Amino acid sequence: MKRILIAGKDSYVGISFEKWMSQWPEKYQVDTLDTKGDWKSKSFEGYDVIFSVAGIAHVNAKKKMAPLYYKTNRDLTIALAKKAKQENVRQFIFMSSLIVYGNSTPIGVKEYITKDTVPKPANFYGDSKLQAENGIRPLQSEDFNVVILRPPMIYGPGCKGNLPKLAKFAKYSPIFPDIENERSMLYIDNLCEFVRLMIDNNEKGVFFPQNEKTVCTTTLIKALAKQQGKKIRTVRWFNPVLGLLSKKINYINKIFGNLVIIQDESIYDRNYCIHKGLF
């Protein structure tokens, strides 16, 4: 039996992963760690894996919040990893993000992310994640494996971020812009299964899990509307205006821009895309 400690007790990914692993009580023992409390007094001895999902993302992004991002996403991650290695944990898995590569490209511009793409964070959220990666990489050794996950947008029941906002829009709006774009996404169950495989195989390195198919935002909106028993009409009236605004307003690019991982980078020797999600 493998003993796993999730660092980040109340996180969406942490809660989902704990539930996912409960399918195999004979194979895994999963505990959680509240990193907001006195976590340093908790012994990591006897655990095989620390899965670090503690961090902040969907909060105020004003500059005054920067110190909190670095304290939580970078400093806490490095401290957890160092403690794990000192206390003989065999593997440390860190939930980073595709955000280390910066923002989505503007409408109409396509750039694909590969393992050779150089990270270029556009804000302190992405930079704090990248600095955390850089801080834990040197800890890799023969007896301590470091796994860094750079997933795209994660979605599923109860998720936070842009998807619930789009779902709300799909519920109440009769129209939506018809723009062709491409985005990598990852359903929560597929992420959880991927992490389980990382643990089973005691992996190390940087990984890019994603669904087998990318998604167009317009197609996504239609699926969300249909799921709620609604029908939404897509129009091209707004496209020229949105194209101009996307050069100045990054939020428009987050919705209608492109952010894609080359599919070859996400292939693993065992299938983890076991759920098709909404699409």
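Which residue, with a positive phi, follows helix 2? Helix 2 is followed by Asn-88, whose phi is positive, near 70 degrees. The model is predicted, so local features need pLDDT of at least 70 and side-chain atom pairs count only at pLDDT 80 or more, while totals for chains, interfaces and linings use all residues. Residues are numbered from 1 along each chain as its sequence is written, and side-chain values use heavy atoms, with hydrogens and water left out.Helices (H or I, at least four residues) and strands (E, at least two) are DSSP runs, numbered from the N terminus.

Helix 2 covers residues 66-86.

The pairing of 6 strands is parallel, and they form an open sheet in the order 2-1-3-4-6-10. Two strands pair if DSSP finds at least two bridges between them. Strand 2 and strand 10 (205-207) are the edge strands, each pairing on one side only. Strand 3 and strand 4 pair over 4 bridges; Phe-51 has Ile-93 in strand 4 as its bridge partner.

Glu-193 lies in helix 5 (residues 188-200). Glu-193 counts as buried because its relative accessibility is 6% (buried: under 20% relative accessible area, exposed: over 50%, partly exposed in between; 1.4 Å probe, protein chains only). Leaving aside residues up to four places away in sequence, Glu-193 touches Trp-20, Trp-24, Asn-271, Tyr-272 and Ile-274, where contact means heavy atoms within 4.5 Å.

Note on methods. The expected span of a helix is 1.5 Å times one less than its number of residues.
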